Amino acid sequence: MNLLVKLVAPVALPVLVAACASPSPAPVLLTLPPVATAPSAMAPEASASSPVLAVRRVGIPEYLVARRVRYRADAATLAEWPNTYWAERIEIGVSREFVSALRQQLPGWSICDTNCGDLAPTLTVQLTLAPMDYLRAAQKLQARARIAISGAGPQARLPETREMAIDIPAGADSAQAQAQAITALIGKVASEAAPMIRNARP
């Protein structure tokens, strides 16, 4: 028995030391890429007389509100990309990029999110994305968007709504491709919401 220990110990010790010395990989912090649209050369800037659009925080499924980046493994199972985290709360990032996309789509409008300060909103828009599932096996983002636009004040008319199913293919099997697909989804929804907002302006 002592002989076996003497023979094994010199081999096992360097393996244990190497295992203890190897650092664990640094966590990957993921952010949503910015939505890019073609700029308009003659786009008017917002002014004091510009219509004001209040953008409510985008609603996303509660099961996605987490630091870990989650995807759908099958119809009943969620999974997480290993060692990968959102750099900010996902609902905050989605809302910010939606506001940014609307600013590009609606030149000449004053757009505020959550708090408009002293500005009196002309219209309010609420976007809900449910589901917003990244299907890893199919490498695509599958979502259903509901856009609701309403006027401001006590006499505001009932919201104008539109619902649509949207599939966004991803270019690779990675968490980064999932983030890019979410950005593409936001850009697509903003391009649908912008004409609704322009037509709803009183």
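Let's start with Pro82. Is Pro82 buried or exposed? In this predicted model, Pro82 has 61% relative accessibility, so Pro82 counts as exposed. The cut-off for exposed is over 50%. Pro82 sits in strand β4, which covers residues 77-86. Now look for Pro27. Pro27 and Pro82 are 55 residues apart along the chain. Their C-alpha atoms are separated by 8.8 Å.

Stay in β4 for a moment. Asn83 lies in this strand too. Its phi is near 55°. That is a positive value, in a residue other than glycine. How accessible is Asn83? At 27% relative accessibility, Asn83 counts as partly exposed.

Next, the strand pairs. Find β6, residues 123-135. Which way does strand β2 run beside β6? The two run parallel, and three bridges join them. Strand β2 covers residues 52-55.

Now turn to β7, residues 140-151. How many bridges pair β6 with β7? There are 11, and the pairing is antiparallel. As an example, Thr124 has Ser150 in β7 as its bridge partner.

These two strands, β6 and β7, form a hairpin. Four residues lie between them. Gln139 is in that loop. Its phi is near 50°, again a positive value in a residue other than glycine. Gln139 has a relative accessible area of 29%, so Gln139 is partly exposed.

One more thing in β6. Pro131 is found in this strand. Check the peptide bond from Ala130 to Pro131. That bond is cis, with omega near 0°.

On to the cysteines. How many disulfides does the structure hold? One. The disulfide joins Cys112 to Cys116, with 1.7 Å from S to S. Why is the disulfide called right-handed? Because the torsion about the S-S bond is about 65°. Both ends are buried, for which the cut-off is under 20% relative accessible area. Cys112 has 8%, so Cys112 is buried. Cys116 has 14% relative accessibility, so Cys116 counts as buried as well.

Now go inside. Nonpolar side chains tend to be buried together in soluble globular proteins. Here, the largest nonpolar core has 51 residues. Which residues have the most contacts inside this core? They are Leu53, Phe98 and Leu102. Several elements give two or more residues to the core. Among them are the strands β2, β3 and β4, and the helix α2, residues 90-105. The strands β6, β7 and β8 are also included. So is α3, residues 175-200. Which element gives the most? That is α3, with 14 residues.

Last stop: empty space. Rolling a probe the size of a water molecule over the atoms shows where empty space is left. How many cavities of 30 Å³ or more does a search of the whole structure find? One. About 70 Å³ of space lies in the largest cavity. Which residues line this cavity? Leu64, Arg70, Trp86, Ile90, Met132, Gln178 and Ile182 do. That lining divides into five nonpolar residues, one polar and one charged.

Pro82 is exposed. The hairpin is formed by β6 and β7. The core takes 14 residues from α3.

Terms used: Residues are numbered from 1 along each chain as its sequence is written. This is a predicted model: local features need pLDDT of at least 70, side-chain atom pairs count only at pLDDT 80 or more; totals for chains, interfaces and linings use all residues. Side-chain values use heavy atoms; hydrogens and water are left out. A disulfide is a pair of cysteine sulfur atoms within 2.5 Å. Buried means under 20% relative accessible area, exposed over 50%, partly exposed in between (1.4 Å probe, protein chains only). Two strands pair if DSSP finds at least two bridges between them. On a 1 Å grid over the protein atoms alone, a cavity is a set of points where a 1.4 Å probe fits but cannot get out, and a pocket is an open set with protein on both sides within 12 Å along at least five of seven lines; lining residues have an atom within 4 Å of a point. Grid points are joined across faces, edges and corners, and a volume is the space filled by probe spheres set on the points. Ala, Val, Leu, Ile, Met, Phe, Trp, Tyr, Cys and Pro count as nonpolar, Asp, Glu, Lys and Arg as charged, and the others, Gly among them, as polar. A nonpolar core is a set of buried Ala, Val, Leu, Ile, Met, Phe, Trp, Tyr and Cys residues joined through side-chain atoms within 4.5 Å.
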